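This note sets out a number of points on the structure shown below. Please keep the sequence and the model at hand while reading.

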Amino acid sequence: DLEARAHMMSAAAMGATAFQKGLGAVHALSHPLGAVKGLRLHHGTLNAVFLPAVLRFNKSVVGDKYPRVAQAMGLPENTDIADAISKLNAKIGIPASLREMGVTDDVLDGIAVAATKDHAHPTNPRTPTVAEYRKLLDEAMGVLDPEKRQEKMVAVQKLLQQDAVIIQPYWRSIFTAANKKVKGFQIQPAEEMHVNKIWLDA
């Protein structure tokens, strides 16, 4: 298939050009994290997980590049590219966060410092500080910043108020939910409620 091979060669050339132009914060984070002993993290997967957070971080300094990227992806120019990449990651089975890949919080401070020393660091459109790298790591770990967390909690509170979702203990060993949207609720043998495993069926 000569046409398919031509497209692959073109994509490879674009990749090589990107390497020469600079890999930025995505690779500055992926390099030291991928080197952590014992985790055996795949470099390409790390790049994919970091990409949405870094895209959001760089958005204010890249001019009209994101609308052009959206157009190249066959999406409307006003598409949120970071969200589009997150959805693409989910579609093709990329982990939603570093935490899903086995990364733990104790390594993050060291990675943030190491990222500022990586050869890809100076090529990012917006130069991150150690503190900013730490925030990018938190975002990639799946940790919301306080403002976003507050927004989510307000939405959850409104949903709970409107739909009257109640988990009610009737007696010591039997619990139930007043709303059928509540899924995954169960009482554990030690009579502990694992609230983090409960979700709402929209």
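Predicted model: local features only at pLDDT ≥ 70, side-chain atom pairs only at ≥ 80, totals over all residues.

The points below move from the overall fold to the helix contacts and then to individual residues.

1. The protein contains eight helices and four strands. Along the sequence, their order is α-α-α-α-α-α-α-α-β-β-β-β.

2. Of the 202 residues in the protein, 27% are buried. Contacts between residues at least 6 apart in sequence were also examined, and 54% of them join residues at least 24 apart.

3. **Helix α2.** How many of the eleven residues of helix α2 are buried? The helix, which covers residues 24-34, is mostly covered, with nine of its eleven residues buried. These are Gly24, Ala25, Val26, His27, Ala28, Leu29, Ser30, Pro32 and Leu33. Against which helices do the buried residues of α2 pack? Their partners are α3, α6 and α7.

4. Asn47 lies in helix α3. Its relative accessible area is 14%; a residue counts as buried under 20%, and therefore Asn47 is buried. Leaving out residues up to four places away in sequence, Asn47 touches Val26, His27 and Ser30. Val26, His27 and Ser30 are themselves among the buried residues of α2.

5. **Thr45, also in α3.** Thr45 is found in helix α3, which spans residues 43-58. Is Thr45 buried or exposed? With a relative accessibility of 15%, Thr45 counts as buried. When neighbours within four places in sequence are set aside, Thr45 is in contact with Ile94, Pro95 and Met101.

6. **The packing of α3 with α7.** The axes of these two helices come within 9 Å and cross at roughly 130°. The crossing of α3 past α7 is right-handed. On the α3 side, the contact is made by Val49, Phe50, Ala53, Val54, Arg56 and Phe57. On the α7 side, Glu132, Leu136, Leu137, Glu139 and Ala140 take part. By class, this contact has eight nonpolar residues, three charged ones and no polar ones.

7. **The packing of α6 with α7.** Helix α6 (residues 108-115) and helix α7 (residues 130-141) pack at an angle of about 130°, and their axes are 8 Å apart. This angle makes α6 oblique to α7. The crossing here is right-handed. From α6, the contact involves Leu108, Asp109, Ile111, Ala112, Val113 and Ala115. From α7, the residues are Val130, Tyr133, Arg134, Leu137, Asp138 and Met141. The residues of this contact divide into nine nonpolar, three charged and no polar.

8. Side chains of opposite charge can pair when their charged atoms come close. The structure holds seven salt bridges. In one of them, the side chains of Asp109 and Arg134 meet, with an N to O distance of 2.6 Å. This pair links distant parts of the chain: Asp109 belongs to helix α6 and Arg134 to helix α7, and they are 25 residues apart. Arg134 is partly exposed, with a relative accessible area of 21%.

9. **Further salt bridges.** Arg126 and Glu132 also meet through their side chains in a salt bridge, at 3.6 Å from N to O. Arg126 counts as partly exposed at 28% relative accessibility, and Glu132 is partly exposed with a relative accessible area of 23%. Asp64 forms a salt bridge with Arg68, where the closest N and O atoms are 3.5 Å apart. Asp64 is partly exposed as well, with a relative accessible area of 48%.

10. **A network of salt bridges.** Which residues are linked in a network of salt bridges? They are Arg56, Asp83 and Glu139. Arg56 and Glu139 also take part in the contact of α3 with α7.

Note on methods. Residues numbered from 1 in each chain as written. Heavy atoms only, no water. Axes fitted to C-alpha atoms, helices over the stretch in contact; angles between N-to-C directions. Parallel < 35°, antiparallel > 145°, perpendicular 65-115°, else oblique. Left-handed = near helix turned anticlockwise from the far one by under 90°. Contact = heavy atoms within 4.5 Å. Nonpolar A, V, L, I, M, F, W, Y, C, P; charged D, E, K, R; others polar. Salt bridge = Lys/Arg side-chain N within 4 Å of Asp/Glu carboxyl O. Buried < 20%, exposed > 50% of the residue type's maximum accessible area, 1.4 Å probe, protein only.
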